[in-house]
There are 2 protein chains.
Amino acid sequence: MDKEIITVDLGGTQLRAARYDSALNLLAREHTLTGADDGLEAVLARIKAIIRLVMPANRERVESIGISAPGPLNSKTGVIVAPPNLPGWHDVPLGAIIEAEFGLPTYIGNDANVAALAEASQGAAQGCRHVCYITVSTGIGSGIICDGRLVTGHAGLAAELGHIPIIVDGGRVSSIELEAAGPAIARQARQAIRAGGNSDMLAVAAGELERLDARAVGMAAARGDALAVELLAYAGRIIGLGIVTVLHLFNPQIIVIGGGVSKTGELLFAPIRETVRDHALDSAFTAGLRIEAAALGDDVALVGAAALAATQGGDIDIATLDRRF
Amino acid sequence: MDKEIITVDLGGTQLRAARYDSALNLLAREHTLTGADDGLEAVLARIKAIIRLVMPANRERVESIGISAPGPLNSKTGVIVAPPNLPGWHDVPLGAIIEAEFGLPTYIGNDANVAALAEASQGAAQGCRHVCYITVSTGIGSGIICDGRLVTGHAGLAAELGHIPIIVDGGRVSSIELEAAGPAIARQARQAIRAGGNSDMLAVAAGELERLDARAVGMAAARGDALAVELLAYAGRIIGLGIVTVLHLFNPQIIVIGGGVSKTGELLFAPIRETVRDHALDSAFTAGLRIEAAALGDDVALVGAAALAATQGGDIDIATLDRRF
């Protein structure tokens, strides 16, 4: 009998679930609101309910459950540590709770790790064994596949590219995320305008400095606003240095970049590529290296959670996916 | 019949070779001078000759050859790229040359990668599956073991911790190695003294600014010289930030630090530990983390090259070493 996988995408706003066959064909799909403000117990009840919605009549068909959840989380123990967008969640053993409820092996991965598996199995990094996926949005997360296996680390905490420390401003320790994620871009834009910078970013944000977010910076940059272009270029240079770090430590063959800020396209990608070229130790690190936009859309977390379950939490080589899916 | 491994430690000054049984007992050991200044062909002839010196009468006993060599090198192809301390070496296919000469599978790893395997199999990181080894001397190199396997990357270039970009100051980008390796420490000491800094480092260096090296800084610091202590502390803070990067990307359970500069002990280790504690994203990354001095001595490269050959270039889990050795 063909085995099926149930997957859940637990987001701060949306809660989705799906069921896939072993060839990763979608068999069922449901979505609802997470209702995070209702607190832990209410959200747990909704997760169990949406899993029941996609469960087949014959439960025996289901092999395992894969869950994409916001980090920080421990992928080894299935414990959600304390995601900023899930108020009241602190050290929640979600894996054990779902396993106990449904009697099925349950694998949990943070959204960026799961997206790396999705891009490697069906997206921009198909066929690659050394992959770094980076998401740039309200935070900067990453998922790394090293010689076919997801890098999870001793306690399942690995691949936090956004939190790589960098020293800026003559001695201050900052991080890739604090310098280049969406909120950082918006903060720098507001600072520049307060300091009298000449830009029509403020007009994009309807004249209100508080509404000036990274999206407004991106829109102004797309129209050629010089200050907005420079702010995205700075973010690109910082992300590029993060990628140089990844190249020197992991020597991957492809970097896949997703997340809302990446939709600014070449305004972000051009400075990233230039920085990588300028600061890689040797051309051997960049020979044949691809730096590409993520290929998968909204279902990336559901597909990735299926890949996570199929690789037993990333412990098994992704080559097994080729034989399964 | 018990299988044996022949190993070579190709250094800029010393050339060593050994033979181990499958329990890693030393059966034979030879050393000579590399004679790097005599050029490529002369050194290749010496490597072949020293291998013959440790070869058993019955060649059938030997399973493979492991070589520790200075980087940059491609561990996948066995090509030595261009080590600064081996003049005239440029893209030398050492693996293929030795394989052709002796008809034995030959595995080549850079000295830091090989040392990581040695420390994991017989040294400070015994029993650990998630290990980062760092060597701080004239350069800063590293070797990383991720879930039991050596991280080599797509083209065998991985784990160059020294070349992580760490400082972004206006337009200047600097790396861990350029800020904290031995030559950087010496350069900063000379700059401080030229600028009128009060220190007896110069006395340690017999009054000659050109002779003021990292070793002299270490000796002065050991006597309590404040400027020397501060220079080592700065190096420790920079190395500590490199370790924070490794924690966030790999989430290892142990950091092993070797190399000449590490012999300054707590003068370097205390600021490293403090920086790691201050800048790790979450205590989950440092809970149970060990930061320790390397345990193996001069034979680290020979032992590590044996482990490299036994794991077929790091492709096989180090758990196999427990069963072999």
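## Note on the predicted two-chain model

A:Ile134 stands opposite A:Ser142 in β9(A).

1. **Basis.** This is a predicted model, in which local features need pLDDT of at least 70, side-chain atom pairs count only at pLDDT 80 or more, and totals for chains, interfaces and linings use all residues. Residues are numbered from 1 along each chain as its sequence is written, chains are lettered from A and ligands numbered from 1 in the order in which they are written, and side-chain values use heavy atoms, with hydrogens and water left out.

2. **The sheet in chain A.** Strand β8 (residues 131–136) of chain A pairs with β9(A) in the antiparallel sense, over 6 bridges. Strands here are DSSP runs of E, at least two residues; helices are runs of H or I, at least four residues; both are numbered from the N terminus. Two strands pair if DSSP finds at least two bridges between them. The open sheet has 5 strands, ordered β10-β9-β8-β13-β14 in chain A, with mixed pairing. β10 (149–150) and β14 (290–293) of chain A are the edge strands, each pairing on one side only.

3. **A hairpin in chain B.** Strands β2 (residues 14–21) and β3 (residues 26–33) of chain B run antiparallel and are joined by 7 bridges. B:Gln14 has B:Leu33 as its bridge partner in β3(B). The hairpin leaves 4 residues between β2(B) and β3(B), and B:Leu24 in the turn has a positive phi of about 60 degrees.

4. **Backbone points to check.** Most residues other than glycine have a negative phi, and most peptide bonds are trans. A cis peptide bond joins A:Gly71 and A:Pro72, with omega about -5 degrees. A:Pro72 sits in the loop between β4 (62–69) and β5 (73–74) of chain A. In chain B, the bond from B:Gly71 to B:Pro72 is cis, with omega near -5 degrees. A:Ala159 has a positive phi, near 70 degrees. A:Ala159 lies in the loop between β10 and β11 of chain A.

5. **Symmetry.** Chain A can be laid on chain B with an RMSD of 0.5 Å, by a turn of 180 degrees and a shift of 0.0 Å along the axis. That is the relation of a two-fold axis. The C-alpha of A:Gly170 is the one in chain A nearest the axis, 2.1 Å from it. The superposition is by least squares on C-alpha atoms of residues with pLDDT of at least 70 in both copies.

6. **Extent of the interface.** Contact (heavy atoms within 4.5 Å) takes in 39 residues from chain A and 39 residues from chain B. The chains bury about 3,500 Å² between them, 66% of it on carbon and sulfur atoms. A:His154, A:Ile167 and A:Leu249 supply 19% of the area that chain A buries against chain B, more than any other three residues. Buried area is the accessible area (1.4 Å probe) that two parts lose on being put together, summed over both. Of the interface residues of chain A, 97% are also interface residues in chain B, so the copies meet through the same surface.

7. B:Arg149 forms a salt bridge with A:Asp147, the closest N and O atoms being 3.5 Å apart.

Methods:
A salt bridge is a side-chain nitrogen of Lys or Arg within 4 Å of a carboxyl oxygen of Asp or Glu.
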